Structure formats: structure tokens, C-alpha cells
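Here are some friendly notes to read alongside the model. Please keep the structure open as you go through the points.

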Amino acid sequence: MANPTIHVVLCAPSKPKDAPSFSGFCQKLEVFLRYSGISYEHREVYPYHGPKKKVPFAEISHDGKTVVVPDSHFIIGYLVENKLVNDPDDLAELTPEQRAESRAFQAYVEETLYSAIIYERWLINFWVTRQDTFGNLPWVLQYFMGWYFLRRVKSALWAAGMGRHSWEEVQTLQKEVIDALEVKLRKHKYFHGDGTPSRIDLTVYGFMANILTCKGNPYFTDMILKSAVLSSFVKEMTTALFPEYKDLLKEVEGNM
């Protein structure tokens with residue numbers, strides 16, 4: 001049971017009502033918070049407000065103090081290490097080998113897959129992504145913010161190496177991730193069995209929910225929806241944790 005004296009403010013950009021965040025890492029963190037049963041709320045911020053000039057970051061109140069922690073990985077680590085929440089890996093009774101495999105898969109999803117997803121959104125489907133991200137702003141601000149983020153994304157992807165690939169090569173990387181996820185989830189409900197989800201399940205679900213929400217990822221969305229294994233996984237996790245995501249549920253149920 002969650003400790004009522006602990007409260008988390010999830011600082012992130014605005015998100016659609018009753019739908020996943022447009023940021024994969026913000027959605028990953030919210031999935032963890034929802035699963036943990038901890039008290040939390042959203043606060044709308046811009047990336048430059050954060051200690052590391054990126055989102056998410058969190059204000060964690062406990063034991064009479066409030067601590068600001070940046071980065072979804074370190075926020076989750078702080079909550080677990082300070083015993084503010086139960087570690088899903090402990091609840092799932094993972095072995096050291098399973099934890100190591102989970103960590104490797106997490107890096108694969110957060111580094112390779114997410115870079116490929118950002119490539120598809122901003123370099124292939126820029127106009128759709130700009131509307132998705134900044135459609136609520138006046139036209140002039142849409143133009144400026146879209147141009148500003150496109151430049152930053154291009155620079156970051158090039159520095160990371162993903163931006164040097166062709167679109168066909170990026171599609172290959174996305175397909176390899178889909179194949180690996182299907183192998184892990186084909187025989188069991190979750191990554192490491194049929195009992196309870198562990199951290200890697202929460203992470204993968206967070207990114208899948210994010211991808212299915214963004215119109216700028218038609219290629220990867222199509223692969224998820226054509227996979228009975230992955231569609232079932234998304235449906236299971238959404239029903240359990242975010243039943244208010246009705247549009248997401250309709251999308252995956254309509255392809256099962």
C-alpha cells in the first residue's frame with residue numbers, strides 16, 4: 001500500500017486528456033508511478049525548467065522534505081533506493097540474471113528504439129509531428145517551435161549516430177526491435193513470466209503507449225498493431241493501469 005505522506009509532482013510538458021504523453025520518458029515514469037500506487041500529480045513545464053534542461057524531472061516530497069530529481073531512470077532509482085515504493089523487480093522475484101537481461105533490454109529500447117522513433121517523427125513525418133506537438137499554439141509559435149525543435153533533434157540524432165542512417169536502415173532497426181519484443185512476450189504474459197510485471201514491462205509499455213499515441217510514427221504503429229502478441233500486451237497493461245485511455249484501447253482491440 002502506498003505511503004500517504006509521500007507525494008510526487010511529475011514535471012513534464014502538457015499531455016492529451018485521458019491519453020499517453022507525447023514524451024516516451026515522461027510516459028515511462030507515469031506508468032511506474034501508477035503501478036506503484038504512489039500519490040502523484042502533473043505539473044506542466046518546459047524542458048529548460050529542469051535541472052538538466054530536459055524532461056521529465058520530479059519533485060518528491062517525503063519525510064518532511066522535497067527533493068528535485070531529474071531523469072526518469074534516476075527518479076525511479078531514488079524512489080526505490082529510499083524505499084518510498086516497492087521495486088517491481090523484487091515483487092516479480094527476478095533473479096540477478098533476469099535483472100541483468102532487463103537492464104540490457106531497457107538500454108536497447110531507450111537508446112536504439114527511441115532514437116529510431118524520434119527519427120521517424122521529426123525527419124520523416126515533421127508536419128504531422130509539429131501539429132501533434134504544437135497544434136494548440138498560435139500559428140507563428142507553431143512555426144518557430146517546430147523549426148527550433150527540428151534543428152535540435154537533427155543535431156542530437158546526428159551526434160548519436162542514428163541521424164546518419166537512411167530511412168530504410170532505420171526501418172530495419174525498428175523491425176529488429178519488434179522481433180525481439182515478440183520473442184520475449186510470445187510465451188508469457190510478461191517479460192519474465194506470468195506472475196507480475198517487472199520494471200522492463202513498465203518501461204516497454206510506456207514507450208509503446210507513447211508510440212501509439214503519436215501520429216508521427218505510422219510505420220512502427222503499424223507493426224505493433226499487426227502483432228497479436230504486442231497488441232495483447234498493450235491491451236493488458238492499459239486495462240490494468242490506464243483504463244481511461246479509451247482511444248488507445250479501441251485502437252489495439254480493433255486489430256486483435
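1. Trp122 is buried at a relative accessible area of 8%, where buried means under 20% relative accessible area, exposed over 50%, and partly exposed in between (1.4 Å probe, protein chains only). Please bear in mind that this is a predicted model, in which local features need pLDDT of at least 70 and side-chain atom pairs count only at pLDDT 80 or more, while totals for chains, interfaces and linings use all residues. Residues are numbered from 1 along each chain as its sequence is written, and side-chain values use heavy atoms, with hydrogens and water left out.

2. Searching the whole structure gives 18 aromatic pairs. Rings of Phe, Tyr and Trp (its six-membered ring) pair if their centres lie within 6.5 Å; planes under 30 degrees apart count as stacked, over 60 as edge-to-face and the rest as tilted. Tyr119 and Trp167 are a stacked pair, because their ring centres are 6.1 Å apart and their planes lie at 10 degrees. This pair links distant parts of the chain, with Tyr119 in helix H4 (residues 96–124) and Trp167 in helix H7 (residues 167–185), 48 residues apart. Tyr119 counts as buried at 7% relative accessibility, and Trp167 counts as buried at 18%.

3. What about the rings of Trp122 and Phe149? Their centres are 6.2 Å apart and their planes at 20 degrees, so this pair is stacked. It too links distant parts of the chain: Trp122 sits in helix H4 and Phe149 in helix H6 (residues 139–160), 27 residues apart. Phe149 is partly exposed, its relative accessible area being 23%.

4. Now for the overall fold. The protein has 11 helices and 4 strands; helices (H or I, at least four residues) and strands (E, at least two) are DSSP runs, numbered from the N terminus. Its radius of gyration is 18 Å, close to the 18 Å that the globule rule gives for 256 residues, so the protein is as compact as a globular protein of that length. That radius is taken over C-alpha atoms, and the rule is 2.2 Å times the number of residues to the power 0.38. The C-alpha trace spans about 45 × 45 × 35 Å along its principal axes.

5. Buried residues account for 49% of the 256 residues. Of the contacts (heavy atoms within 4.5 Å) between residues at least 6 apart in sequence, 66% join residues at least 24 apart.
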